[in-house]
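This report looks at how parts of two chains are arranged and where they touch. Please view the sequence and the structure first.

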Amino acid sequence: MKEEKIALRMVMPYVLIIVAFVVLLLISNIVMSFSTIDGKFTFENYKAIFTDNVFYKSVFNTCIWVFGSVAGQILLGLLIALLLTQIKRGQVFFRSVILILPWATLDIVAGVMWKWMYNDMYGVLNDILVKIGLAKDYIAWLATPKMAMLAVIIANIWKGFCLSGMFFIAGIQTIPQELYEAAEIDGANAYRRFWNVTIPQLKPVLITTLMFTIIWTINYFPLIYVMTGGGPNYGTETIVTYIYRLSLRFLEYNKAAALSNILFVIVFTIAYLFTRRMAKEVAA
Amino acid sequence: MRRSTKKKIMKTVSYIMLIFMSVVIAFPFVWLVLTSFKTYQQIYSYPIIYLPKNWTLEHYQKVSSLDFKSYFLNSVVVGVGTMIFSLLIGIFPAYAFSRYSFRFKSELLVSVLIFQMFPMVVFLVPMFKFLDWIKLLDTHIGLILAYIPFTTPITIVFLRSFFLSVPKSLEEAALIDGCNRTKAFLRVILPVTLPGIAAVGVYAFLFAWSELLYSMSLLTSKKLQTIPTFLSVFVGQYQTRWGPLFAGSVFATLPPLVVFILLQRYFISGLVSGAVKE
């Protein structure tokens, strides 16, 4: 009883400041989404969203943006983690250059840096691609919807893979060395050891990382905002950039609030599906 | 014998691949640094000039002349404020979560996990209205207040895992020796977990340091604005002034880069034990 009192007193500031604050913001969003400009109750905002072509476009774009970024980040992160756990000397150097540098780069800096490299005339990327023979001609990266989407995904993989890389490094370090030795005695080669030891052992970390990466990518906004602003022709408009545009460019706060609530539902459904699976696996 | 040569080959291949990856991944940033030392003539040259022909400091001088120092200091104020408040609010619940059982514990833990899933952009308008209502719009303390719902939950997640990693027996020994709980916490737990706490604090600091959307929208007076807003001014719809933009970017990225590199040990272990154990 006494312990409970101490604990509750310790949690109180968090409840009073953070929980109350977030709940207030949430309620404010819900109220706004059901209000007209004069403050009357309405379903119009949701109706406006569901009859809006840009909304469907932004959902589609968000799926591509998330799929491309997450697949790239997880694969690259896994590769880097595997390589970094193979070596002993030079850890600090390689970690600094490969994992820390993209992470420490400010969002806006990453955005403008890639935007400049993608420049169709003076961009270094086109020059390199042509020189090594991967492209015949200069590519107008940010000018067409499809290439622009590819461009922002590549930039996002660069910016974000370090987090999954760090998760995987820690995950690999917890795998008991004996498992590898036993597999080696059984005659498993490196390829087989990877699929039969590393991947199954890494599965819990893999699932957690997948969940966080998916949700963070859905929510991640500055890179697209700086590089394309959602264009060209809504080609890189995701749900979050559309919410931004609705509220700060078109000043349609109530419609933006409705879209925000729809986004919550999507994000929490994903989180729920993942955590339920994890709970099941723990129980089994 | 065969096994050891195999291992050697694996190691060599790993090193070769890592060196290749380092070059590819560092390149964008190296390119940014190189560009910041080029004159405009060389920035817009065709064909592209890779190394600056005569290194120039003109863009750095330009950035300094635009009162970059004031933006830098504002960023430090907002960053330190966010760090202090996140730690102050987060450290006690994190400790309670790791040591006690109490009513609503699991509900509160779930709230911590859910809160880090809210995209910042969806709260922008309500946040604006709220800060306007309590008269803190366009103040540093208002911006800090806007940041802590996003930094505190993650602070709690990390700190909880640090506290969990300290064996309970350490504290119990201190309690038997006559320390009260506060003393036991200050003398036993805090010293052991200090590096982790510092790492989490730096994380909150850097969150505020690089945040663009809220700082741009909630601070309208020029003399209060932070570095990301300063940089965003150079990005135009039709023309971007790459020179000063990149010079400012180098200034802005160096502090977090140095701190991250120095603290990387704590970050990687802390971040991971926090997220992986959940």
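Two residues count as in contact here if their C-beta atoms, placed from the backbone, lie within 7 Å. This is a predicted model, in which local features need pLDDT of at least 70 and side-chain atom pairs count only at pLDDT 80 or more, while totals for chains, interfaces and linings use all residues. Residues are numbered from 1 along each chain as its sequence is written, and chains are lettered from A and ligands numbered from 1 in the order in which they are written.

In chain B, eight residues of domain 1 are in contact with eight residues of domain 2. The bounds, which come from an automatic or database domain assignment, are 1–56 for domain 1 and 58–273 for domain 2 of chain B, and the C-alpha centres of these two domains lie 32 Å apart. On the side of domain 1 of chain B that touches domain 2, α1(B) gives the most, with four residues; helices are DSSP runs (H or I, at least four residues) numbered from the N terminus.

| Feature of the pair α3(A) and α9(A) | Value |
|---|---|
| Angle between N-to-C directions | about 135° |
| Distance between axes | 9 Å |

Axes are lines fitted to C-alpha atoms over the stretch in contact, and angles run from 0 to 180 degrees. α3(A) and α9(A) are therefore oblique to each other, a class left for angles that are not under 35 degrees (roughly parallel), over 145 (roughly antiparallel) or 65 to 115 (roughly perpendicular). Residues that meet include A:Trp65 in α3(A) and A:Leu210 in α9(A).

Conventions. Helix = DSSP H or I, 4+ residues; strand = E, 2+ residues; numbered from the N terminus.
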